[in-house]
Amino acid sequence: MSPPDGIDLTRPQFVGAKVLRREDPRLLAGQGNYVADIKRHGMLHIAFRRSDHAHALIKSLDVSEARALEGVVAVYTGADIARLANPYQATSRMKNYQATFIPPLALDKVRYVGEAVVAIVANSRYVAEDALARVDIDYEALRVLVDPEDALKPDAPKLHDDLGSNILAAREFSRGEVDEAFAAAAQTAGGRFHFTRTTPVTIEARASVAEYDKGARTLTLHCTTQIPGIVRDKLSEIFDLPGPRIRVIAPDVGGGFGGKTSLYSEEIVACAIARDLGKPVKWVSDRMEDLMTTGNAFDEIVDAEIAVDAEGKILAVKADVIGDVGAYSIYPWTATIEPVQVVSFLPGPYRIDNYAARVRAVATNKTLTGAYRGVGRPISVFVMDRLLDMAARKIGMDPAEIRRRNLVNDDEFPYKAASGLVWDKSAFQACLRQAADGIGYDDLRREQETARAEGRWVGIGVACYAELTGVGSRIAVAPGMPINTGTETCNVAIDSTGAVTASFGLASQGQGMETTLHEKILRVAGHLFEAAVEDIETGDGKVWVKGTDTSMTIRDLARALYSDMGRVPKEMRDEIDNLEATKVYDPFFGTTTSASHMCLIEIDPETYKVEIKRYIVVEDCGRVINPLIADGQAHGGVAQGIGVALMEEVVHDETGQILTASLVDYVVPSAVEIPSIDVVHVEAELPNTVGGFRGLGEGGTIGAPACIANAISDALSPLGIEIMEIPATPERLFRLIEAAGAR
Amino acid sequence: MTAKISITVSVNGENHAAEVEPRLLLADFLRENLDLTGTHVGCEHGICGACTVLMNGDSVRSCLTFAVQADGTKIETVESLGDIDALGPLQEAFREKHALQCGFCTPGMLMTATDMLRKYRLETDDDIRDGLSGNICRCTGYQNIVAAVRSAADKRDAK
Amino acid sequence: MKPAPFDYVRASTVDEAVAALAASNGEAKVLAGGQSLVPMLNFRIVDTPIFVDINGIQGLDRIEETTDGGLRIGALARHFALETSDLVKDRFPVLHEAMKHVAHLAIRNRGTIGGSLSHADPAAELPTMAVLLDAKIITARASGGREIAAADFFVAPLTTTLEPDEIIVAVELPGLAPGTGWGFEEFAQRRGDFAVAGVSAIVSMDGQSVTESRIALMGLHDTPVRAHAAEAALLDDGIDAAAAAARLDAEPMNDLHGSADYRRHLAEVLTRRVLTAAMERAAR
């Protein structure tokens, strides 16, 4: 049954429109419902005593004084939680992967500063914190591994005694003959790149409220999570509770960016305590805890080289990656998620015949690393696009030109990238062209010459990337991991009041269930109007017979079907069941999203402060559903990319103490540090996905660090400086400039 | 156990009397004692600005103020700017310009912007960025927030 | 990050405040704006059993002219009041400029000059202004107050010569000669952050030559300091020599936000910029 004429199901009325958001009024009025806002009668509060050692044995633990403090209701140690919760680990079928058990409260050992050791439960957070100092822990310090290269050495202590080494994962990719290509190259460029550790800093820190109904034996967890389904499934195993007896609810969540896509110890502890005490319990992370324990990201060392011919064509790329993944392999993504993506996405949107890459994910005495906006791709693009600029400089070629020569062309799709990923199709060249046009590239190069003559340090940055979005069952986001990320289930139902409810695992749209539902409505209406189905039309919440006044609302139709017995015959009702349809959509391969970033920066030639003066993103995200939202995602992503490029860094000292445990020390950009960002959407040849939609959201963070690093290198090229490490803080630039001056 | 202190605070036009511990932060007093959860806690050291409220008309960090210090003062929180069905003009400007995504920094942004619009001319967008520099947002990249405050400033100046 | 328990008393007069401090045997601390103090309490870096809240003391926030063309500023004067005061702008434009860099509006609405000087962060604007402008810090104490010269007031990071039972009640800034030029430059990673380094200066000129200068360094030493070597070099050899000498006056620390080497570099750069601006303004 085809839909009526005039209704294009791939361009419903709202696609492409700047629809204002329905959730805004309550968020603006201060009526949002975030986990920290939740109150329950008799609710207790949790505070965690956390390790101040990066690597140590717990010799003894005395909580008696803490328990005795007035207002403290209970105290839990690792042994207590081990009796209440089954052990768990993040598994993967990936070869060479070593999983680690993650005790929600430390058992015999602590492995990073901030690891939770004891949970205090009290009648207020204030009192719970008072009790923390009364816990007596005797540690025996072990050798601390802060540098991942130390953790690789044969004499390195093992963080996990049951594992063979500190290498939690290792993979290799190769295509073609890399050594031969390098031997034949006109020019090579490369070195050691260092993308340093970052933390997401959502303004809402993590929080959980857990309740256990003793009568119904049901557990409810309200949680600041981006993955309620995955959390629910794992808690089911951890607590031996079947699915229907656990509910995980993510109400309004104040930012995630991937930092809330992992299962955290505190969530498990809160559930264990709620069940044990039979009382609702709440834990709200404070900012210090957040900076110490929320999944970190981007801690990658990449030794990489590019070989090009005299015309700037890429002959080969090789890379050796060390990913510092922290003390445990995070659930569910495993320690592989970021390091492996670094090498699998490194070839980018470029034509590369010869590629060799190795990656090792190494455990160290630091916070776990997990998913953060862009995952491994910001590093992939940083390395690849820095290599391109370095090669271009060596052969005297313009950076935009070297990309034009190496970006996959429209007529080469589908293109199998050097790491095995397939780009189905995307507007690589058009994005670069439009970015150059949009920023006035040629004019900027002329202005740069004039500025240089005046002694000003002006730089232009370029970065191009490609990623897979909507990846389906064929390519799991973290290969080998038992989680199907790309498949979406949608259920649309019309109830007996005529109200339509659409539920999704995550927001998405699909065509299938609309058609099925439509058919059912037509059949029921056909019967009620005693008209042929071909003569029925629908729209604006009504059904009617074409060309007549005979009509009814969907609400009336729903009542006729569900409530007014006898109006619709039993046989028809048995066939139709409910006005409901469910569709599961597996994109299988997913599709390619890409973008080009360009920027103009100026560096104060005395203080070395970097100012971003212009920034443009030209993105191919397929058919744009809501331009307001799409642009907002680009703005936010670029802002985070700027933070990573210029100021954000998680810093540890040599004993593993975290030095960036406040927002004074972990510096995120404010409105002054972020420029206006031009965003252009190229709705080019649409992919073969439903509706022609591609994914977006991470692109800003993926391209911006590379773009800015290239711009700074461009500005400093008269001094012979190449940016190999970010953030490019004024201090780092000072060191590079001093060294260059000394040469 | 420290002695509790009696306080009377006007919050959004309503007087509240309470006995509180001296160390109770104003942010927690508003959120826990008065169930006004629109004011959010983001850092508890005065950097992120999510907890910003007005005290006697001036924007202040409620995470750096004790409830006992609010005794005898007039406090205004985001809940005083408008209702879900009747948003105030600044809130409308935020909505139109898509100046919020997750909404967590938003109440603080609104209260800071309210004070900025009263105290500063805000001639340029750089002035607006300067004024907002004490409120951190991780979602929006600030661009639309600046546009919303600009729109509100233009309306203010047209009057 | 909730603070530890403490007792709390309110003082409605200076006498009440100093009496409460004296009675506490050094255990009590003053609570004014709290913008520097409360973060430390929330982190539980400091643990103070009793606070004496002085915000209710009337008349302690005035900004008044003195007979020598200077100002007397009450200890409870809020940063925002200084920022928007025409008297400050007129008589001490360098202070007016510095106030724009103090944190953010919400902090400026509450923070006080007395609080900032007592907190004595070497990277903060007001302690540096006090040193630059030869402020006199006027205190009260149950056993009798005193006047402390700014040059003697700051002894170490976050440490002053104030006794535990002594409070600042006012700050006097001696008047500047007409035609005094000024300059202020601060370098921070972000707007409103504590300075990585800052330099401020006032200069008097006679025609083309500098007759007198004061140069103060912010975030470049254990306390705000006068750059005496730079001041001498300016008189003898001019701006570039003064800027180079400022490196010697600085004894910066290494921290996350910058190394000592980089800060010394900034000392030179900012001194040059500040003196150039100051001399230009003096010549007008």
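The contact between chains A and B takes 41 residues from chain A and 44 residues from chain B. Two residues are in contact if their C-beta atoms, placed from the backbone, lie within 7 Å. This is a predicted model: local features need pLDDT of at least 70, side-chain atom pairs count only at pLDDT 80 or more, and totals for chains, interfaces and linings use all residues. Residues are numbered from 1 along each chain as its sequence is written, while chains are lettered from A in the order in which they are written.

On the side of chain B that touches chain A, helices H2 (89–96), H3 (106–119), H4 (125–132) and H5 (143–158) of chain B each supply at least two residues. Helices (H or I, at least four residues) and strands (E, at least two) are DSSP runs, numbered from the N terminus. By class, this side of chain B has 20 nonpolar, 16 polar and 8 charged residues. Ala, Val, Leu, Ile, Met, Phe, Trp, Tyr, Cys and Pro count as nonpolar; Asp, Glu, Lys and Arg count as charged; the others, Gly among them, count as polar.

Chain B also meets chain C: 26 residues of chain B are in contact with 23 residues of chain C. Strand S1 (7–10), helix H2 (37–42) and helix H6 (105–110) of chain C each supply at least two residues of the chain C side. H6(C) gives the largest share, 5 residues. The chain C side divides into 12 nonpolar, 7 polar and 4 charged residues.

Within chain A, the centres of domain 1 and domain 3 are 46 Å apart, taken over C-alpha atoms. Domain bounds come from an automatic or database domain assignment.
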